[in-house]
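Here's a quick tour for anyone opening this one up for the first time. Take a look at the structure below, then read on.

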Amino acid sequence: SSNKFDFFNLENLNSKNDFIKARAESDTAALKIRFSNDKIFKKNLPKNSSCKSLYSIAEKIRYESLGIKMLKGIEKNLTDNYNQIIRLKRKDNLNSKDDVPITEAFELYMLKKFHNIKLNSLTNSMLKFWEKDFNNAIDQHVNFLKENLESQNKYSSKFSEILQNMDIFDIEEIDENKDELNN
């Protein structure tokens with residue numbers, strides 16, 4: 001229902017970049033309402049806490065992909081916004097995986113694979129630290145995932161399975177368990 005739609009503050013639109021961001025955010029919010037079922041989302045939510053943020057990104061990419069297929073205007077709004085985000089990214093030192101949060105790298109990976117967003121040299125460097133791990137876990141499933149964008153249950157259950165089987169989370173999970181035991 002339109003009464004529940006959370007409109008952001010339109011009075012703070014001062015530049016072209018603000019308008020691009022506002023259009024993309026409103027499209028994304030509308031697509032989430034239209035294409036994402038919260039019960040299915042929660043049903044397939046990974047148990048590993050490290051996977052949950054990546055799972056959320058994967059779901060966002062899914063419903064945005066459906067919108068992109070549906071309307072060219074949505075594709076333009078989202079592409080313009082993601083290109084703007086990529087253009088404005090700044091990182092001083094990129095020496096190892098520790099310098100790039102996995103969520104940031106995963107979003108870049110998903111944008112590249114599902115939205116065909118072209119990365120610049122900086123974002124390519126950011127992704128490079130994690131890309132092999134993502135490719136090893138996800139690449140063989142990309143066609144299945146793209147073919148099942150309209151089936152949230154199939155898509156999200158497969159992504160949950162992929163994320164939970166990724167080796168990169170084993171170390172983080174062990175550290176979390178140690179922290180819990182110490183507390």
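Let's start with helix 8: at 1.5 Å a residue, its 14 residues should span 20 Å, and the end C-alpha atoms sit 20 Å apart, so the two agree. Keep in mind that this is a predicted model.

**Helix 8 and its partner**
- Helix 8 covers residues 152-165 and packs against helix 3 (residues 49-70) at an angle of about 150°, with 10 Å between the axes.
- The crossing of helix 3 and helix 8 is right-handed.
- On the helix 3 side, the residues in contact are Cys51, Leu54, Tyr55, Ala58, Glu59 and Arg62. They meet Gln152, Tyr155, Ser156, Phe159, Ser160, Leu163 and Gln164 of helix 8.
- Sorted by class, that contact has seven nonpolar, four polar and two charged residues.
- Buried residues in helix 8 include Tyr155, Phe159, Ile162 and Leu163, but also Gln152, Ser156, Lys158 and Ser160.

**The nonpolar core**
- In soluble globular proteins, nonpolar side chains tend to be buried together.
- Here, the largest nonpolar core has 44 residues. Phe106, Met110, Phe134, Ile138, Tyr155 and Phe159 have the most contacts inside it.
- Helices 1 (16-35), 3, 4 (72-88), 5, 6 (121-138), 7 (142-147) and 8 each give two or more residues to this core.
- Helix 3 gives the most, with nine residues.
- What does phenylalanine 159 touch, leaving aside residues up to four places away in sequence? Its contacts are Ala58, Phe106, Met110, Ile138 and Leu145.

**Helix 5**
- Helix 5 runs over residues 102-114, and its 13 residues reach 18 Å from first C-alpha to last, close to the 18 Å expected at 1.5 Å a residue.
- Its buried residues are Ile102, Glu104, Ala105, Phe106, Leu108, Tyr109, Met110, Leu111 and Phe114.
- Just after helix 5 comes asparagine 116, with a positive phi of about 55°.

- Lysine 113 belongs to helix 5.
- Why does lysine 113 count as partly exposed? Because its relative accessibility is 23%, and the partly exposed class lies between under 20% (buried) and over 50% (exposed).
- Not counting residues up to four places away in sequence, lysine 113 touches Asn135, Asp139 and Lys146.
- Lysine 113 and valine 142 are 29 residues apart in sequence, and their C-alpha atoms are 8.0 Å apart in space.

Key:
Residues are numbered from 1 along each chain as its sequence is written. This is a predicted model: local features need pLDDT of at least 70, side-chain atom pairs count only at pLDDT 80 or more; totals for chains, interfaces and linings use all residues. Side-chain values use heavy atoms; hydrogens and water are left out. Axes are lines fitted to C-alpha atoms, for helices over the stretch in contact, and angles run from 0 to 180 degrees between N-to-C directions. Helices (H or I, at least four residues) and strands (E, at least two) are DSSP runs, numbered from the N terminus. A crossing is left-handed if the near helix is turned anticlockwise from the far one by less than a right angle, and right-handed if clockwise. Contact means heavy atoms within 4.5 Å. Ala, Val, Leu, Ile, Met, Phe, Trp, Tyr, Cys and Pro count as nonpolar, Asp, Glu, Lys and Arg as charged, and the others, Gly among them, as polar. The expected span of a helix is 1.5 Å times one less than its number of residues. Buried means under 20% relative accessible area, exposed over 50%, partly exposed in between (1.4 Å probe, protein chains only). A nonpolar core is a set of buried Ala, Val, Leu, Ile, Met, Phe, Trp, Tyr and Cys residues joined through side-chain atoms within 4.5 Å.
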